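Subject: Structure handover

Dear colleague,

I am passing on the structure below, and I would be grateful if you could look it over before reading my notes, which follow directly after it.

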Amino acid sequence: MQLTREQRKNLELYRTYRQAPPTFWRLVRGNLWRYALMAALVALLFWLAPIAGLGAVPPIALGVLLGVLGRDTGIFLRFIRVWPALAAVLDWERVEGHLTQP
């Protein structure tokens with residue numbers, strides 16, 4: 001089976017989690033650049049709002065950012081709870097076999 005780039009990346013992540021199980025802060029750290037970009041855009045909107053007459057746009061954008069953080073927190077916590085079962089049923093020899101293919 002030829003793995004797609006996304007499939008390979010996920011199997012590589014699973015392999016690293018096998019050695020060191022996922023933690024909340026490790027999952028956050030992997031997405032930190034996304035959160036920083038969103039926070040920078042929200043800050044830019046707050047700065048531009050008075051100049052461009054954007055009105056309610058900055059608070060809405062802040063609400064979206066907080067919603068994303070809340071959603072991701074739930075996803076991360078669920079993944080951490082499910083990981084032991086997933087690690088137990090994965091066929092690690094097949095995972096390694098797929099990762100060694102070009």
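The protein chain exposes about 7,300 Å², of which carbon and sulfur atoms supply 67%; accessible areas come from the Shrake-Rupley method with a 1.4 Å probe, and for residues only the protein chains shown count as cover. Please keep in mind that this is a predicted model, in which local features need pLDDT of at least 70 and side-chain atom pairs count only at pLDDT 80 or more, while totals for chains, interfaces and linings use all residues. Residues are numbered from 1 along each chain as its sequence is written, and side-chain values use heavy atoms, with hydrogens and water left out.

On the overall fold, the protein chain contains four helices and zero strands, and read along the sequence it follows the pattern α-α-α-α; here helices (H or I, at least four residues) and strands (E, at least two) are DSSP runs, numbered from the N terminus. The C-alpha trace spans about 60 × 30 × 15 Å along its principal axes. The radius of gyration of the protein chain is 19 Å, whereas a compact globule of 102 residues would have a value near 13 Å; the radius is taken over C-alpha atoms, and the globule rule is 2.2 Å times the number of residues to the power 0.38.

Buried residues make up 23% of the 102 residues in the protein chain, where buried means under 20% relative accessible area, exposed over 50%, and partly exposed in between (1.4 Å probe, protein chains only). As for contacts, meaning heavy atoms within 4.5 Å, 68% of those between residues at least 6 apart in sequence join residues at least 24 apart.

Turning to charge, the protein chain has 12 positive and 6 negative side chains, and the centres of the two sets lie 7 Å apart. In this count Lys and Arg are positive and Asp and Glu negative, with His and the chain ends not counted, and the place of a charge is taken as NZ of Lys, CZ of Arg, CG of Asp or CD of Glu.

The structure holds two salt bridges, a salt bridge being a side-chain nitrogen of Lys or Arg within 4 Å of a carboxyl oxygen of Asp or Glu. One of them joins the side chains of Arg 15 and Glu 96 (3.0 Å, N to O). Arg 15 lies in helix α1 (residues 5-19) and Glu 96 in helix α4 (residues 92-100), so this pair ties together parts that are 81 residues apart in sequence. Arg 15 is partly exposed at 27% relative accessibility, and Glu 96 is partly exposed with a relative accessible area of 27%. A salt bridge is also found between the side chains of Arg 71 and Asp 72 (2.7 Å, N to O); in this pair Arg 71 is partly exposed at 48%, whereas Asp 72 is buried at 9%.

Tyr 17, which is found in helix α1, is buried at 8% relative accessibility. Leaving aside neighbours within four places in sequence, Tyr 17 is in contact with Pro 22, Arg 26, Leu 27, Phe 79 and Trp 83.

His 98 has its place in helix α4 and is buried, with a relative accessible area of 15%. Not counting residues up to four places away in sequence, His 98 touches Met 1, Leu 3, Arg 8 and Leu 11.

Met 1, in the segment before α1, is exposed at 59% relative accessibility. Beyond its neighbours within four places in sequence, Met 1 is in contact with Gln 7, His 98 and Gln 101. From C-alpha to C-alpha, Met 1 and Val 68 are 35 Å apart in space and 67 residues apart in sequence.
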